[in-house]
Amino acid sequence: MKKINVMVTAFRDGFQSVYGARVLSADFLPAVEAARRAGIRHFEAGGGAMFQSLYFYCNEDAFAMMDAFRAAAGPDADLQTLARGVNVVGLDSQPADIIKLHSELFKKHGITTIRNFDALNDVNNLVYSGRCIKEAGLRHEAVVSMMSLPPGIPGAEKVHTPEFYAGVLRRIMEAGIEFDSVCFKDASGTATPYVVRETIRAARALLGGGRALRFHTHDTAGTGVACCLAALDGGADALDLSMAPVSGGTGQPDILSMWHALRGTDYDLGFDIDKVAEAE
């Protein structure tokens, strides 16, 4: 059996996609503890709107939340956050000292991995931010952003292709950006299974077998599980999955749905599925 690394996104992307990230820490930390009991050791634990909304709407300190998340998830958990390239967790480009401080403070407050992306695949915005992540002693997950547009949109056939996405990864590698893993991130949940499979296949050929290759999508178009299966067929070894009630729809596919889709295959998510159901 091939063990698939799963990052549970329920407590960041799930909250952001379903509730606008307006969730109080005291309300969700018991669910983190339940997920830990289910064998989950890789959590998305902040960044993006889950950093901002605690200050904007919940009257909470995002760094205090990270500390509490670490305590709930345990010392051996991989806690991952999201950064928007040179915007880090802001909505505008940040000065160099703030980009550096972002990585240092997230390291101080228990984070182990930062996923670093530019929505328009501007590789230049990953160079300095990626360097700061590594210099802070964190794992750096570089991102290639994906999506698909409806037929008939002029020019779409030139940019939403496996060749285009492989080219973005090639530019990341040529820029000398140090990274530990790569995520192909379909933030809109609109990429097609065929493009996902061929993109991951091309990426695996470029990367070789030494680094983790992750796929991230949303179930917006109802094809999230199909796209995850396609990514595995293409050579991905890691997936982002969520848990009810913040899975499916605008969130990530549910762990239980993916587990069911993989029954009878050579892939294993490695969880006690009854305990995952209890955590949900």
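Helices (H or I, at least four residues) and strands (E, at least two) are taken here as DSSP runs, numbered from the N terminus. On that basis the chain has twelve helices and ten strands. The radius of gyration of the chain, taken over C-alpha atoms, is 18 Å, close to the 19 Å that the globule rule gives for 280 residues, so the chain is as compact as a globular protein of that length. That rule is 2.2 Å times the number of residues to the power 0.38. The model is a predicted one, so to speak of a local feature takes pLDDT of at least 70 and to count a side-chain atom pair takes pLDDT 80 or more, while totals for chains, interfaces and linings use all residues. Residues are numbered from 1 along each chain as its sequence is written, and side-chain values use heavy atoms, with hydrogens and water left out.

Now for the overall picture. The C-alpha trace spans about 50 × 45 × 35 Å along its principal axes. Of the 280 residues, 55% count as buried, where buried means under 20% relative accessible area, exposed means over 50%, and partly exposed is in between (1.4 Å probe, protein chains only). The accessible surface comes to about 11,600 Å², and carbon and sulfur atoms hold 54% of that; such areas come from the Shrake-Rupley method with a 1.4 Å probe, and for residues only the protein chains shown count as cover. A contact means heavy atoms within 4.5 Å. Among the contacts in the chain with a separation of 6 or more, 77% are between residues 24 or more positions apart. As for charge, there are 27 positive and 34 negative side chains, and the centres of the two sets lie 4 Å apart. Lys and Arg count as positive here and Asp and Glu as negative, with His and the chain ends not counted; each charge is placed at NZ of Lys, CZ of Arg, CG of Asp or CD of Glu.

Next come the aromatic rings. A pair of aromatic rings is described by the distance of the centres and the angle of the planes. Rings of Phe, Tyr and Trp (its six-membered ring) pair if their centres lie within 6.5 Å; planes under 30 degrees apart count as stacked, over 60 as edge-to-face and the rest as tilted. By this rule there are 14 aromatic pairs. Phe11 and Phe43 make up a tilted one, at 6.1 Å centre to centre with 50° between the planes. This pair links distant parts of the chain, with Phe11 in helix α1 (residues 10-19) and Phe43 in strand β3 (residues 42-47), 32 residues apart. Phe11 is buried at a relative accessible area of 3%, and Phe43 is buried at 0%. The rings of Phe28 and Phe69 have centres 6.2 Å apart and planes at 55°, so this pair is tilted too. Phe28 lies in helix α2 (residues 25-37) and Phe69 in helix α4, so the pair ties together parts that are 41 residues apart in sequence. Both Phe28 and Phe69 are buried. Phe11, Phe15, Tyr19, Phe28, Phe43 and Phe69 form one aromatic cluster.

Helix α10 (residues 224-234) has as its buried residues Gly224, Cys227, Cys228, Ala230, Ala231, Leu232 and Gly234. The cover over these residues includes α9 (193-207), β8 (212-216), β9, α11 and β10 (267-268). Just after α10 comes Gly235, with a positive phi of about 120°.

The loops have a few things to show as well. Between β9 (238-241) and α11 (255-261) sits Pro245, joined to Ala244 by a cis peptide bond with omega of about 10°. Asn59, in the loop between α3 (49-56) and α4 (62-73), has a positive phi near 55° without being a glycine, and it is exposed at 76% relative accessible area. Val88 also has a positive phi, about 45°, and is not a glycine; this residue lies in the loop between β4 (78-83) and α5 (96-108) and is buried at 3%. Val86 is found in the loop between β4 and α5 and is buried, with a relative accessible area of 15%. Leaving aside neighbours within four places in sequence, Val86 is in contact with Asp92, Ser93, Gln94, Ile99, Asn125 and Ser129.
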